[in-house]
Amino acid sequence: MMKSGIIGTIWAIFYLALCVKSLSGENSTKKKKKLYLAGFYTYSDRLDATGMIPAVELAVEHVNNDSEILSGYELGVIWKNSECEASEGTWRFIEHMMEEPVKLMLLGPPCSTAAEPVAEIAHRGSLVTLSYLTSSPSLSERTRFPYFFRTFWSEAFLNPARIWLMEHFGWQRVATLSENEGLFTSSNREFLELVTNKNYTADVTAIYDKVVSDLHIENIKKNDMRIIFSDSYAGAARELFCKAYHAGLYGRGYVWILPGWFSNNWYEGTTERCPNGEIETAAKESMYITMEVEKSNDNQNEKIVSGIKVSEFDGLLREKTREIEHWPNQTLNFTFSNLEGFGYDALWAAALSLDDVAKKGTNLEDFHYTDFDTRNRIYNALSTVRFSGVTGNVSFEAGDRIGRIRIQQLQGNEKKLIVTLDTMDDGSLVPKFSGNEFTWPDGVVPLDRTPAIEEGVSVGAFLFMVIPAAIGLVLAVGFLIFNIVARNHRFVKLSSPRLNNLIIIGTILIFISIFIIGTEISGSGGRKFSAFCMTRIWLIAVGFVLSFGGFFSKTWRVYKITSYTKVKSEKLKDRALFVRVGVLLLLECIILMAWQLIDPLQYDRLDLDFGHYVVTCKCKFFSAWTGFMMAYNGIILIFGVFLAWRTKNVTIAALNDSRLIGVCIYNTTILCVVAIGVSFAVPDQPAFSYLFTSSIMNFCAIFTLITIFLPKVVFVIKFPHAGRQECMRITPQVTPDTSGNNHEGAPAKAEEGQPRRKSIVVTLRRHWAIFVGFDKNGALQEGAPAKEISISSPSAMSVNTTALVL
């Protein structure tokens, strides 16, 4: 009986144990509710990301073993292969949605091609997408992908660092070359937007397929681009540096910025055109710079969010891989790429965000695909998650990973870390220099262009032209003073000293314009102003009109006196001649004023090869304005030439300077045509143009002054008290007497067909003698005043002229 009692007791105890175990199991089931994520991996020719499965499963194990994370839940991942294709990725997403159990989030796809269509529609099923390997900048567009996150950095994440590098070295001009892959073109497009926003310039931008074209290389060289950002895979980079080698776009003065994820010996490859190490030479001598995001935690002894050390991760990953290889139905051969830490950190980011939502009272097990409130809570939690992971500090800004950027430079045979850039919450970058410094082939930071060298006139050449101009200016002022002081001398008075003053003032303006033109071009005048462009035009144009207007008026007077055309008597006083000059000047000023108000000249920089440039004055309709000015002043010159030719036989020295004026006009006309042609032919040679045109201006102005005024100075010095007889002398060889007998040097007989010429000279001599105080027989009339007279020609032409002494 006692035995049966013992057996009954043992049975009772066993039964009680079974009940307790059953209850314990039931309670355990209630405590650990299953939560699932929809996992995507990629196994294809384009990308093999199978190594992410062990990394994520290791994170799942660590999360489930942490009693503080998702307490009461057990996390799991269901995997499907997206094959790095948009269609396959979309189909696998549909399978996840249709198959049990319900998934709370998407983990992946790792390939941007598959991630884009999935992330674009997943949020409509209340799912937040968290990818661990995508880098396409397109996925940063929040309007298309409002609920997308990633633990891998976007290629565009490097763009602010590129701007930082430009600001650090003061570069404002860059060239960009991008291989035609969405990964690179999207990043390049965003970089160009940042460049524009900073008021920098990208003068050469090119997108190419596999091999950059020779035209792109030529554009870089032609535009003198020195700072070149290149986005491509290593194969395309080798082709690029091969062409850069042959074009000389490497070494001293050039900076290449490349992706940092190339292998260390990427440049050791060869191409058909560069089989003998040319690529390596170009790469090493350029000392290129690389940029990349740190892909691991620098502190290997730091404990991360799971409690393990960074240094322990690789060992635990290998152990997990061996474990997974023994799972049922496991057929994958896992391939690793040193990027598995991003998958590990992605699972932890998802777990921490779900934990935050659960702790705020949401029952995650009740989630369904129309539960938009839970989706929004998960989104908000994921946006604020922060932790230390295998790949460094993990946090997100508008769905993109915020991290640290490494800038390295190839120095010798190895890349050396120069500076790291930490991204702050406000998007600003904080540099932390490693102690290594940037080094350059010649020890000098390359500029973004060849140093600008203005092609101008040397100081020596400037002085070579200015000194004659200064001498001419002094000469003109001297003649002006002489003309004023000696204005009452009969010889000077008879040559219209007031018109002479206009001629002198005109030449003074010409000399001043030489100073201004030389000051502009040589740079000796300091800062350049656009006002100088029009100032020199005004000086030259007004000086020309005053000088040749004076010539024109004096010659016009002689022409009218000697003309046989029957006209009414008219008084040719100085006032009337000044009016003619004024009309010419007024028309010139109207043209100049219209030019200045409508389309003024501005300084324009004409770039030459290799940083050389010239500064010129340009406007929109420059050719039209200059053509109009040349036409107007050309008409004045042509009419002056006509008058000089018609009066070439009048040789009474005191009456007019017709023959001398003609010589001046002829010389000026020919030389001006040559100067204008040279100026238009060599706009890119300011030194030659300045020397040539200034020489012509100096010669014409000085020649005019000496030709017109030196004889007057000599005459006044020789005859300080000259009377009428000395002032009315006529050149012997062209002056027959009234009896038909010739003076010395005159022809024995007037040629047939020239009676008119003889009549002009005889008549002019007779009436001029009366004007200056002789009677009709040639006897001097003492005290006879100069007065208004009437000169009658044999053809009964009557022209009233006035004494030039006014």
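## Strand E10 and its surroundings

Strand E9 (residues 255-259) and strand E10 (residues 289-293) run parallel to each other, paired over three bridges. Pairing here takes at least two DSSP bridges between the strands, and the elements themselves are DSSP runs numbered from the N terminus: helices (H or I) of at least four residues, strands (E) of at least two. This is a predicted model, where local features need pLDDT of at least 70 and side-chain atom pairs pLDDT 80 or more, while totals for chains, interfaces and linings use all residues. Residues are numbered from 1 along each chain as its sequence is written, and side-chain values use heavy atoms, leaving out hydrogens and water.

With E15, E10 pairs in the antiparallel sense, over five bridges. Here are two of the residue pairs involving E10:

| E10 residue | Residue across | Strand across |
|---|---|---|
| Met291 | Pro259 (bridge partner) | E9 (residues 255-259) |

How many of the five residues of E10 are buried? Five of the five are, so the strand is largely enclosed by the rest of the structure; buried means under 20% relative accessible area, against over 50% for exposed and partly exposed in between, with a 1.4 Å probe and protein chains only. Ile289, Met291 and Val293 cover one side and Thr290 and Glu292 the other. In a regular strand, side chains alternate between the two faces of the sheet.

Zooming out, E10 belongs to an open sheet of eight strands with mixed pairing, in the order E7-E6-E8-E9-E10-E15-E16-E17. E7 (201-208) and E17 (429-433) sit at the edges with a single partner strand each, so one side of each has no neighbour in the sheet. Neighbouring strands are turned by 20° against each other on average, direction ignored. Helix H5 (residues 159-169) packs on this sheet, touching several strands, including E9, E10 and E17, and its direction makes about 65° with that of E17. Contact means heavy atoms within 4.5 Å; axes are lines fitted to C-alpha atoms, for helices over the stretch in contact, with angles from 0 to 180 degrees between N-to-C directions.

Now for a helix pair. The axes of H11 (residues 340-359) and H12 (residues 372-384) come within 8 Å and cross at roughly 120°. The two are therefore oblique to each other, the class left over once under 35 degrees is roughly parallel, over 145 roughly antiparallel and 65 to 115 roughly perpendicular. H11 contributes Ala349, Ser353, Leu354, Asp356 and Val357 to the contact, and H12 contributes Arg377, Ile378, Ala381 and Leu382.
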